[in-house]
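Me: I have a protein model open and I am new to this. Can you walk me through it, feature by feature?

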Amino acid sequence: METIIENKLQILELDKIFISKTNPRKTIHEKGLNELSQSIKQKGVIQPILVRPIGDKFELVCGERRYRASLLAELNVIPTNIRELSDDEAFELQIIENLERKDVHPLDEADAFKNMLDSGKYTIEDVAAKMAKTESFIAGRLKLVDLIDSIRTDFVKGFLGIGHATLIAKCDSFKQEEIYNDAKPWRDGDEPNYGTYQELKENIEDELLDLTTAPFSLISKTLVKGVGACSSCPKRSKANPILFDEFQDGDNCFDEKCFNSKTEAFTQKELAKIINENLDVCIVAGGKPSDFIIDMCKQFNVKILKHWDDYKNYDGSGYVEKKAFNVSGSEAGTYEKVFVKINSSNSNESSTADSGNETIKQDIEKIEARAKRALELDAEKVWSKILDVDNKVFKNSSEPLSNHEKRALVVAMHNHCYQLHNELEFVKNTTIETVLTEAIPDQLVNLAERCFIANTLNHSYGSHKTTIHAAAYKQVMEDYYSEDVKQIESEQKEIADKRIERTNKRISDLQAKLSNKSDVIEFNEPVKVDYSKPEKTFEKVSKKYALNNSYFKNRKTDYPANPLEVLDYWMQHNELPFDMGDESNWMYEVWIEYQKRNSVYHSQFFTPPATANQISNLADEYFDKSNPYVLDACCGFGMLTTSLKSKGFIVDGFDISNDLLKMYDASTESFCGIMDFKEFNPENKYKSIVSNPPYEVKELTAFLQKLYEILEDDGTAILLIPKGFMVKERPKALVEIISKFDVIHNENMDEEFARTKISAEIVVLNKL
């Protein structure tokens, strides 16, 4: 064989070259390869490939695309640079050459960096120095290797960006599967939707495992066999700030399986300690315990107490206070104070010889409990008789309040108005002793009275023109916010004046037609929504969770479980059971979050708030102002109706869903009926109609046919429909009905439907 001159251009036969197994490039797009092949046919290979001699053949080091494209172009030879390279030198050249490409995919970078580390010759610091990148960048790329296959595929196809992929890769495989399933399209042909970067980050943050509340020790190395301490774990945000730089506000675990296994191991050991040392501790369960814990409790005759059946979290008659240990659920491995029924078995009863002593102890506890209860009954009897004392003199006294009365006033207002709990520090710290001994300042009484006014009279029902409560509260607000109140009244008066002008004209026109009865337009009231399903009653709850990604996932069993129950709660308490930002569109946000949590993204394409305003603005422009009556067909819970009413229109609605109509009725106070649009046959037609109708071709065709029937001649309709629907050329039935309308305006909706990428537009139609 001839002596090889390093770096001298050589022409080699393609069949003497073989592809290296260590080439880090994994993705070569077929389209680009074909384009390069055509270019090589015309101009040849402009840049030589790099090879190294291996026996009587040559291993390709750099230039695999040029090599493959030359084969496609049916060339026999290719220009090459030949170098004598060691395995390490060839590998490093492949890595560097691959990463210097403009189109290098982040997953190729990740695999390349991993290969460098796996070789044992590089550290993250070495890789960062060679690639002129930060250590954080290298760590982020390396984490991409941990992406599950389904998300890797979506990443390669371009359905998510590098920011999304880097965030997802930091989660364990269980969370990645959940994110992938959330993003999956609901029908063939649609693309996955991973949301915005911020939405994804908030989703991950909502479900992070907080190590500051972990029941087990973070420095223990022996809790789970083969698993080290959390203190130095690379999947802990505080121990790995280079990788988890976005999550440095907390101390979180990104390995749910490991976290749960440590919690379970700690819970088992702590339960064994309670049993072995015969500790006076009850065993409670927030969920279904593991089989191991159930078997352990059965073996040692330990009862796992049930919430409400055996214990509760507040004191009451027939209950005694006990220390309890949780063995399952979100509180597993933690201790708490509970109140156990006196006749409930203790959790650590033993069948050993000590059982006699335990029985004696229990008898003593029962006697003491009965004695305590007897004293409570004495007090209750005294209190009962006090309540029977005539209080007319007390109620009608015009004398100034005594100190006792001032104190009673503050306590009464605090008891009546829940919101005062966080505002009156005095009452939170009040005991029987302070009630009997301490004086109460007038300043606190004044504060309590003002808090009581603010939290009792600012209800949303009625107005200052219809209820004495609102009238009194408005006067108070005028004392403090006079200019704000004046501006609000002025802005509303301007809207009202325009509406009154339109209404007067409408009345005038109708009065002119009284002589001809057939010309009178009568608007039938559709059947009101069916309330046969009883309203569920809810106690007021603490707003522990935010709506987005948290409430429906973590809510307690006695909290509202779906949008309709949230409505019931709202109507009972005039507030929501969760925290959220702008509550003006809470029904929309609740439905979207509820569907997301139940993996139902396609059943309802609810009109987004901005799009509802967009449609109402078009209605203000195109609808006949002399006729303020509008039909909201397929009205849902009233997004379009609410926005139209703000423009002064009078709106009727109908829909097929009774649950949606119950919310529609509560939020819009408009007439509504439950029926399929195909069955809607009003005695009089409508001049103006809005709708966000069904989107399947067959259903939408039927809807347009019904729309043509109920729309007056030369009437106007505004629809939110799939983009390009009105210019379709088939099927025949659709084309025929479309030809009966004139599209006088169309524009894109301002925002996408939540959690979809459906392209829709707003069209304004005139009936021909």
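**Reading the model, step by step**

Reply: Start with a charge and a ring. Lys 740 lies over the face of Tyr 708, at 5.0 Å from the ring centre. Another such pair is Lys 133 and Phe 137: the charged end of Lys 133 sits over the ring, 4.9 Å from its centre.

Me: What kind of model is this, and what is its average pLDDT?

Reply: The model is predicted. pLDDT is the predictor's confidence in each residue, from 0 to 100. Here the protein averages 79, and 80% of the residues score at least 70.

Me: Which elements have the lowest and the highest mean pLDDT?

Reply: Helix H16, residues 425-428, has the lowest, at 53. Strand S16, residues 686-691, has the highest, at 94.

Me: How many helices and strands does the protein have?

Reply: It has 28 helices and 19 strands. Of the 768 residues, 41% are buried. Now take contacts between residues at least 6 apart in sequence: 68% of them join residues at least 24 apart.

Me: How do I read the buried side of a helix? Which residues of H9 are buried?

Reply: First the general idea. An α-helix has 3.6 residues a turn, so residues three or four places apart point the same way. Now the case. Helix H9 spans residues 173-183, and its buried residues are Lys 175, Gln 176, Ile 179, Asp 182 and Ala 183. Seen down the axis of H9, they fall within an arc of 125 degrees, so they line one face of the helix.

Me: Which helices do the buried residues of H9 pack against?

Reply: They pack against four helices: H7 (149-157), H8 (162-169), H10 (197-206) and H23 (586-597).

Me: What caps the N-terminal end of H9?

Reply: Asp 172 does. One of its side-chain oxygens lies 3.2 Å from the backbone nitrogen of Phe 174.

Me: Now the aromatic rings. How many aromatic pairs are there?

Reply: The count comes to 16 aromatic pairs. Take Trp 591 and Tyr 594, an edge-to-face pair: 6.3 Å centre to centre, with 85 degrees between the planes. Both lie in helix H23, three residues apart, about one turn of the helix.

Me: Are Trp 591 and Tyr 594 buried or partly exposed?

Reply: Use the cut-off: buried means under 20% relative accessible area, and exposed means over 50%. Trp 591 is at 12%, so Trp 591 counts as buried. Tyr 594 is at 23%, so Tyr 594 is partly exposed.

Now try a tilted pair. The ring centres of Phe 606 and Phe 637 are 4.9 Å apart, and their planes meet at 50 degrees. Planes under 30 degrees apart count as stacked and those over 60 as edge-to-face, so an angle between these is tilted.

Me: Where in the chain are Phe 606 and Phe 637?

Reply: This pair links distant parts of the chain, 31 residues apart. Phe 606 is in the loop between H23 and helix H24 (609-622). Phe 637 is in the loop between strand S13 (629-633) and helix H25 (639-645). Phe 606 is buried, with a relative accessible area of 7%. Phe 637 is buried as well, at 3%.

Me: Which residues do ring pairs link into a cluster?

Reply: The cluster holds Tyr 551, Phe 552, Tyr 559, Phe 578, Trp 591, Tyr 594, Phe 606 and Phe 637. Both pairs we looked at have their residues in this list.

Me: Next, backbone angles. What is phi of Cys 634?

Reply: Phi of Cys 634 is near 60 degrees, a positive value in a residue other than glycine. Cys 634 lies in the loop between S13 and H25. At 18% relative accessibility, Cys 634 counts as buried.

For another case, go to Asn 278. Its phi is near 55 degrees, again a positive value in a residue other than glycine. Asn 278 is in the loop between helix H11 (256-276) and strand S8 (282-284). Asn 278 is partly exposed, with a relative accessible area of 32%.

Me: One last residue. What does Lys 114 touch?

Reply: Lys 114 lies in helix H4, residues 106-118. Leaving out residues up to four places away in sequence, Lys 114 touches Leu 142 and Val 145. At 33% relative accessibility, Lys 114 counts as partly exposed.

Terms used
Residues numbered from 1 in each chain as written. Heavy atoms only, no water. Buried < 20%, exposed > 50% of the residue type's maximum accessible area, 1.4 Å probe, protein only. Helix = DSSP H or I, 4+ residues; strand = E, 2+ residues; numbered from the N terminus. Arc of directions from axis to C-beta. Contact = heavy atoms within 4.5 Å. Polar contact = N/O pair within 3.5 Å; in protein donor to acceptor, adjacent residues only side chain to side chain. Phe/Tyr/Trp six-rings, centres within 6.5 Å; stacked < 30°, edge-to-face > 60°. Lys NZ or Arg CZ within 6 Å of the ring centre and 35° of its normal.
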